Amino acid sequence: MEVVLFWVFAILSVGGGVMVVLHRNPMNSAISLVVTMLCLAGLYVLLMGAFIAVIQVLVYAGAVMVLMLFVIMMLTLREDALQREGQPAVWVLAGIVGFLVVLRLARLFPSTPAALPATPDFGSIEAVGSQLFSHYLLPFELTSVLLLIAIVGAVILAKRTTP
Amino acid sequence: MIPISSYLVLSAVLFVIGALGVLIRRNALIMLMSLELMLNAVNLSFVAYARLLNDVGGQVFVFFNITVAAAEAAVGLAILLTIYHRTKTTVNVDDLHLMQR
């Protein structure tokens, strides 16, 4: 069961990723990206990261992608402005180079055995939360500062200034 | 039982796809989406290593990474909107020369 789910999620996520890069229309790319993110959430569940999977669906597939879709709609790109990018030869070459890079990287990874049996609460909200509020408390607080800066920056940048 | 290294290889594949998208595509929106793809690939390897080492710290890092990615998307898209309003026509990064004036 786990093997089947892994392969389904893996193939769907790689297919979604390829569609993100290849599609001419940004709207189709965004939808493919949602597929990839949902599949990654499924893979997180297989890796016993249930809390992270929920966060992935809520924040990435929900919030970030809605933001992207809104921007795509605001840009109102015309169909003729979306010309095809990159010659086919470039794409083929890029595919070959990417394949070689992946092969080289795959040799770096240790031929790890399957993971050790995890503790029953591994990856639960309690486990992640207690780490977050004890060992990683300072980064967690700094995250709030980062989000505040991002909000202020985004509002100021997107405010329409009449030159 | 799936070995953890297959998750790592999948993560490498997704990262390379995202990197190629950033390098080849010239539409700024799709470049941003490829960046998100690369961040997601890194998140996958974090979660895989967290499972391998039985350490929840990797998942905490993914939590931070998602936050940073959300902030990056917000600011990046705001910059993109500003560029589009200034140029009125395009988000193609080859056509942008506002800084040259």
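**Before you start**

Residues are numbered from 1 along each chain as its sequence is written, and chains are lettered from A, with ligands numbered from 1, in the order in which they are written. Because the model is predicted, local features need pLDDT of at least 70 and side-chain atom pairs count only at pLDDT 80 or more, while totals for chains, interfaces and linings use all residues; side-chain values use heavy atoms, leaving out hydrogens and water.

**Stop 1: chain A**

Select chain A and colour by secondary structure. You will find six helices and zero strands. Helices (H or I, at least four residues) and strands (E, at least two) are DSSP runs, numbered from the N terminus. Along the sequence the pattern reads α-α-α-α-α-α.

How much of chain A is buried? Of its 163 residues, 34% count as buried. Buried means under 20% relative accessible area, exposed means over 50%, and partly exposed is in between (1.4 Å probe, protein chains only).

Now think about contacts, meaning heavy atoms within 4.5 Å. Take the contacts in chain A with a separation of 6 or more: residues 24 or more positions apart account for 59% of them.

**Stop 2: Leu22(A)**

Select Leu22(A), in helix H1 (residues 2-22) of chain A. Its relative accessibility is 42%, so Leu22(A) counts as partly exposed.

**Stop 3: Met48(A)**

Move to the loop between helix H2 (26-46) and helix H3 (50-75) of chain A; Met48(A) is there. Most residues other than glycine have a negative phi. Met48(A) has a relative accessible area of 30%, so it is partly exposed.

**Stop 4: Gln56(A)**

Step into helix H3 of chain A and pick Gln56(A). Is Gln56(A) buried or exposed? It counts as buried, because its relative accessibility is 0%. Show what surrounds it. Not counting residues up to four places away in sequence, Gln56(A) touches Met37(A), Leu40(A), Ala41(A), Tyr44(A) and Ala61(A), as well as Asn40(B) and Ile66(B).

**Stop 5: where the chains meet**

Show both chains. Here 67 residues of chain B are in contact with 79 residues of chain A. The size of an interface is often given as the accessible area lost when the parts come together. For chains B and A, the buried area is about 6,800 Å², with 78% of it on carbon and sulfur atoms. Buried area is the accessible area (1.4 Å probe) that two parts lose on being put together, summed over both.

Look for polar links next. Six residue pairs across the interface are in polar contact, both residues at pLDDT 80 or more. A polar contact is a pair of N or O atoms within 3.5 Å; within protein, one must be able to donate a hydrogen and the other to accept it, and residues adjacent in sequence count only if both atoms are side-chain atoms.

Which elements of chain B give two or more residues to the side that touches chain A? They are helix H1 (4-24), helix H2 (28-53) and H3. H3(B) supplies the largest share, 24 residues.

**Stop 6: Leu20(B)**

Select Leu20(B) in helix H1 of chain B. Leaving out residues up to four places away in sequence, Leu20(B) touches Ala94(A), Gly98(A) and Arg25(B).

**Stop 7: Asn54(B)**

Go to the loop between H2 and H3 of chain B and select Asn54(B). Asn54(B) is not a glycine, yet its phi is positive, about 55 degrees. With a relative accessible area of 28%, Asn54(B) is partly exposed.

**Stop 8: helix H3 of chain B**

Select residues 57-87 of chain B, the 31 residues of helix H3. At 1.5 Å a residue they should span 45 Å, and the end C-alpha atoms are 45 Å apart, which agrees. The expected span is 1.5 Å times one less than the number of residues. After H3(B) comes Lys88(B), with a positive phi near 70 degrees.

**Last stop: Thr82(B)**

Stay in helix H3 of chain B and select Thr82(B). Its relative accessibility is 18%, so Thr82(B) counts as buried. A polar atom of the Thr82(B) side chain lies 2.8 Å from the backbone oxygen of Ala78(B). Leaving aside neighbours within four places in sequence, Thr82(B) is in contact with Leu157(A) and Ala158(A).
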